[in-house]
Amino acid sequence: MIELLLIGTTHLNMPNNGDVLMPETSDILSPTRQQELDAFVTRCSCFEPTVICLEVAKTDQESLNQRYQKYVTNPLTASEDEREQIGFRLAKLCELPLVQAVDWNETVDGVSLGDVMDTHPVEMERIISTQRTLVQDVETAFATLTISEYYAYINQSEITDSMHRAYTEIAAVGPTGSRWVESYWNARNQRIYENVKRVAKSDDRIVLLYGLAHVYLLRQFFEQDGDFIVRPFDTLVP
């Protein structure tokens with residue numbers, strides 16, 4: 001049986017990656033935050049992972065390995081990217097030789113979120129407004145909590161369910177919305193699940209670190225797969 005610890009995360013480096021809303025998470029390289037990250041990753045290491053899977057395009061596996069080896073040699077080279085701050089740190093602590101790229105995020109012809117926003121501006125503004133409130137709560141949590149407390153907070157089902165609800169609402173606005181959700185969003189998460197499954201071996205203990213909006217669907221895929229046991233985040237990372 002394969003055990004999986006799914007950790008939802010915000011993008012700590014706040015990249016310009018097309019996300020409509022991006023929580024602000026500043027000063028991640030400060031001494032205080034670095035100590036908190038050490039404490040959080042040490043807790044995650046109690047899961048004793050044998051594989052670390054990250055939100056990096058599968059086609060970029062070679063460059064990801066090069067970045068990881070550079071980090072192993074000198075951890076001070078790490079950027080603010082959560083893949084490095086958490087994924088690399090955890091892999092190094094557990095003495096893993098590499099980390100796995102499992103993402104798929106490619107353009108689907110004839111389908112875009114921009115089309116949905118152009119076709120249904122009123123409905124989309126309502127959905128975005130609700131998510132904006134959630135993002136503000138997440139920002140407040142980051143500003144006031146330790147890293148361990150922050151990840152415990154954002155991985156609550158209330159948060160991950162609320163983020164997923166935006167996609168069910170987008171699918172309900174009309175054919176353009178349902179086409180984008182089905183052809184891109186749902187398909188992307190299906191591909192991520194498949195990529196993880198391909199690298200998994202019997203008795204592996206996998207940590208999957210992924211953007212918070214993905215958690216609901218990914219958890220559903222793995223819980224329905226008889227080869228996997230999804231371990232609750234709150235009991236393994238107190």
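This note walks through selected features of a predicted model.

1. **Helix α3, span and cover.** Start with α3, which runs over residues 82-93. The helix has twelve residues and reaches 15 Å from its first C-alpha to its last. That is close to the 16 Å expected at 1.5 Å a residue. How much of α3 is covered? Ten of its twelve residues are buried, so the helix is mostly covered.

2. His-11 sits in the loop that links β1 (2-9) to α1 (31-45).

3. **Leu-37 in α1.** Leu-37 belongs to helix α1. The residue is buried, with a relative accessible area of 0%. Which residues does Leu-37 contact, leaving aside neighbours within four places in sequence? They are Ile-28, Gln-85, Ile-86, Arg-89 and Ile-147. Ile-147 is in α6. Look also at Ser-148: its C-alpha is 7.5 Å from that of Leu-37, although the two are 111 residues apart along the chain.

4. **The α5 and α6 pair.** Helix α5 covers residues 121-144, and its axis comes within 8 Å of that of α6. The axes cross at roughly 155 degrees. The two helices are therefore roughly antiparallel, as the angle is over 145 degrees. The crossing is right-handed. On the α5 side, the meeting residues are Asp-137, Val-138, Ala-141 and Phe-142. On the α6 side they are Ile-147, Tyr-150, Tyr-153 and Ile-154.

5. **The α7 and α8 pair.** Helix α7 (residues 157-172) and helix α8 (residues 175-199) have axes that come within 5 Å and cross at roughly 130 degrees. That angle makes α7 oblique to α8. Tyr-167, Ile-170 and Ala-171 of α7 meet Gly-177, Ser-178, Trp-180, Val-181 and Trp-185 of α8.

6. **His-214.** This residue lies in the loop between β4 and α9 (215-223). His-214 counts as buried, at 4% relative accessibility. Its side chain makes a polar contact of 2.8 Å with the side chain of Asn-189. Not counting residues up to four places away in sequence, His-214 touches Glu-55, Trp-185, Arg-188, Asn-189 and Ile-192. Trp-185 also takes part in the meeting of α7 and α8.

7. Most residues other than glycine have a negative phi. Where does the model depart from this? Glu-95 lies in the loop between α3 and β3 (100-103) and counts as exposed at 72% relative accessibility. Asp-203 has a phi near 75 degrees, again positive. Asp-203 is in the loop between α8 and β4 and is exposed, with a relative accessible area of 57%.

How values were computed
Residues are numbered from 1 along each chain as its sequence is written. This is a predicted model: local features need pLDDT of at least 70, side-chain atom pairs count only at pLDDT 80 or more; totals for chains, interfaces and linings use all residues. Side-chain values use heavy atoms; hydrogens and water are left out. Helices (H or I, at least four residues) and strands (E, at least two) are DSSP runs, numbered from the N terminus. The expected span of a helix is 1.5 Å times one less than its number of residues. Buried means under 20% relative accessible area, exposed over 50%, partly exposed in between (1.4 Å probe, protein chains only). Axes are lines fitted to C-alpha atoms, for helices over the stretch in contact, and angles run from 0 to 180 degrees between N-to-C directions. Angles under 35 degrees count as roughly parallel, over 145 as roughly antiparallel, 65 to 115 as roughly perpendicular and the rest as oblique. A crossing is left-handed if the near helix is turned anticlockwise from the far one by less than a right angle, and right-handed if clockwise. Contact means heavy atoms within 4.5 Å. A polar contact is a pair of N or O atoms within 3.5 Å; within protein, one must be able to donate a hydrogen and the other to accept it, and residues adjacent in sequence count only if both atoms are side-chain atoms.
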